[in-house]
Amino acid sequence: MNFQKKHCVAMLLAGGQGSRLMVLTENTAKPAVPFGGKYRIIDFPLSNCVNSGINTVGILTQYQPLELNEYIGNGQPWGLNRSHGGVQVLPPYARSKKSEWYKGTANAIYQNIGFIERYDPENVLILSGDHIYRMDYAAMLRFHTEKNADCTIAVRKVPMEEASRFGIMNTNDDGSIYEFEEKPKKPKSNNASMGIYIFKWSVLKKFLIADEEDPKSQNDFGKNVIPAILNAGHKLYAYAFQGYWKDVGTISSLWEANMELLGENPEFDIYGDSKQKIYARNYAMPSSYIDRSAQISNSFIAEGCEVFGTVTHSIISTGCTVEKDVVVEDSVIMPNVTIESGAIIRHAIVGEGCKVCHNAIIGGRFAPEETKEISVIGKDKVVEENQVIKPGEIC
Amino acid sequence: MKMMGIIFANIYDSSLGQLTNKRTMASLPFGGRYRQIDFCLSNMANSGMDHIGIITRFNYQSLMNHIGSAQEWDLELGEGKLEFLTPFSMGHNGSYRGKLDALNSAMIFLQLATEEYVVLADSGVLCAIDYRKVLDEHIASGRDVTVITKAGISNGEKQLDLAVLLDEEGKVKDMAVDYAADERYLASMGAFIMKREKLIEAVRESVARSLYHLERDFILRSFYKGELNVGVYQFQNVALFNESPEEYYQSNLALLDSKVRHSLFRSGNTIYTKVRNEVPANFGENAQIDNCIVGDGCVLDGKAEHSVLFRGVDLHKGASVKDCVIMQDAVIEEGAELEYCVLDKLVHVTKGAKLRGMPNHPVIVERGETV
């Protein structure tokens, strides 16, 4: 087919298992994990794409894709239901010669060279499906084009003492990268990669093919492809990003990121301006009912809820019921949870569709300096009457 | 599908005063996030109907914006699907006198349809109803016209469009139009089922005799002439009649009653509406929200009691709202006190402003006003 050329196509890596989210990703891909009351993690990169004018997005799925596929659907909630471009879910598929799962991030893109070529793009934007942030990719693309870079990597400053946990970009004064170190013991700088890359497609394609032919490669962007492009003398630039960004790949970071939405001056201002809206698939639920007996402060309450209990510093997602004499504190309650009267939930994440029966106790209180151990209840679980789930317990 | 639908978007416009100055009855916001038409449109979609005509007279811009491509209802716009029957498309200047006049202008739409039955519905009566059940009863009874009715609405004061009195056997004994009937009468919910051919015939015959009022000139007249077998379907669940500003105000507050709420939203149906992509409601440190409906996108740091707060209401610290219906995107500043008020969309209540209506006469503030 004769398609109109696209300036930039985005490829969103959504196939990871997210095993560090434990029970929350038992039957769900990480990007489909609920966030912030009415969103799912993937809404953030997807909305960023749309708000940045990128209207062709391939979503690479592999692990437990059912829920994610259904959620993405035809892409209509994000305005990505287009006749040319739009959103496409790209699972691994059987081929005539060789069929295989996505072996790594680079291999996932390699296997979809055909998809990308259909749009004949100048550039390809590689994104992860497990980060919470708001970013104008168009600005990064302008930077990439102005520098005539072969590859541009978004970086943010991290505290020097934490730098050894990240992929670190060592740059010259003009932002060009002279060295890339994956989790260096003695970091030379604190420019941490955010896992957001823009490549010139002609360059990336060449290196993806070469990477595939190398049997020793782990087919990973950070470990193999980017070092190879750098070593071949291509122009790599670091694009400095200032705003909020959070990898929500662990229980504690997922909990923290939810909590960082709250308060008068939240760390992450989810409102943004009208051009930076975060879009989500909306379910038709009535507005929430807040009873006389309810006491809610410093919290998000999404639609379709009925609240009769006390909710402090928490996120209550769509379709939840919080009965009388319930206490929810410092917790994330995912969609469609029922919390029966007398239950107490503190420092916890309660998964989608759970039922917390009368007088159950989940989690506990912590002194301000104490490490918070988050209790987690997986999707569709029932916490029995009077059952006690200890701080840090995951079930 | 054997049934098609027709929705009248402008009925009672004039009786709702300022609230329908710039919009149709059908697009009047309701219950925190809805427009009135969401109810009958969702009922039709939930009943498996996909051919629906919306008859509009004027001010239908906001209604068309709201419906958009109708994807939220899983409906499609187009011929034989969801169609807007605007005065212009009907070769009409919008000055029709009654529903029969309006239907006469939509004659081609009715004639081209293939469905055997037609449901006529007013957008001003809100309920969750399965029209398939009404159709089953209608067919089983062998009647010409079934009027969907509700008991307990008539009170000797409220003017009913069509009041129906049944005898002990459930047969229609008396009918009256525009009548403040006593408690024995059932109130028509402005919804009817009949064969499409029957409706076409009724429209043609009535309009030819300069008769235009559906209830009076067709149903009542033909019934008394013995030409029409009329019966009622008695709807058992909650039905909210919004035919005056006072009723509109009371109906909104009625949602605070869980029986009403659950009958409308949790009786196995779904009421669809346009998506607005708001963030969840944000309750601040000082929020004191008692017995309220709260829409997405609200930022609440003040006090609200026994009220409906639509999407995007900004209630500042130190502001207080009681017995109010506050539509989308209102800003209520510190020290403001509102009691028995209906605020239309985008109203700004400045610091310290005080407004107080009466329970049966709420103060109505027009769209976009600053108080």
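Predicted model: local features only at pLDDT ≥ 70, side-chain atom pairs only at ≥ 80, totals over all residues.
**Stop 1: a ring pair.** Select Phe44(A) and Phe268(A). The whole structure holds 20 aromatic pairs over all chains. This one is tilted, with 6.1 Å centre to centre and 50 degrees between the planes. Phe44(A) sits in helix H1 (residues 43-51) of chain A, and Phe268(A) in the loop between helix H8 (251-259) and strand E14 (288-290) of chain A. The two are 224 residues apart, so the pair links distant parts of the chain. Both Phe44(A) and Phe268(A) are buried.

**Stop 2: charges over rings.** Select Arg261(B) and Tyr289(A). The charged end of Arg261(B) sits over the Tyr289(A) ring, 3.7 Å from its centre. Next, select Arg33(B) and Tyr34(B). Here the charged end of Arg33(B) lies over the ring of Tyr34(B), 5.7 Å from the ring centre.

**Stop 3: the largest pocket.** Select Arg20(A), Ser128(A), Asp130(A), His131(A) and Asp247(A). Of 48 lining residues, these are the closest to the centre of the largest pocket. Its space is about 1700 Å³. Now show strand E11 (191-200) of chain A. E11(A) gives the largest share of the lining, four residues. The lining divides into 15 nonpolar, 19 polar and 14 charged residues.

**Stop 4: the second largest pocket.** Select Asn282(A), Ala284(A), Glu72(B), Tyr272(B) and Val275(B). They lie nearest the centre of the second largest pocket, which 29 residues line. About 690 Å³ of space lies there. Finish on helix H2 (residues 61-67) of chain B, which supplies the largest share of this lining, three residues.

Conventions
Residues numbered from 1 in each chain as written. Chains lettered and ligands numbered in written order. Heavy atoms only, no water. Phe/Tyr/Trp six-rings, centres within 6.5 Å; stacked < 30°, edge-to-face > 60°. Buried < 20%, exposed > 50% of the residue type's maximum accessible area, 1.4 Å probe, protein only. Lys NZ or Arg CZ within 6 Å of the ring centre and 35° of its normal. 1 Å grid on protein atoms, 1.4 Å probe; cavity = no way out; pocket = protein on both sides within 12 Å on 5 of 7 lines; lining within 4 Å. Points joined across faces, edges and corners; volume = space filled by probe spheres on them. Nonpolar A, V, L, I, M, F, W, Y, C, P; charged D, E, K, R; others polar.
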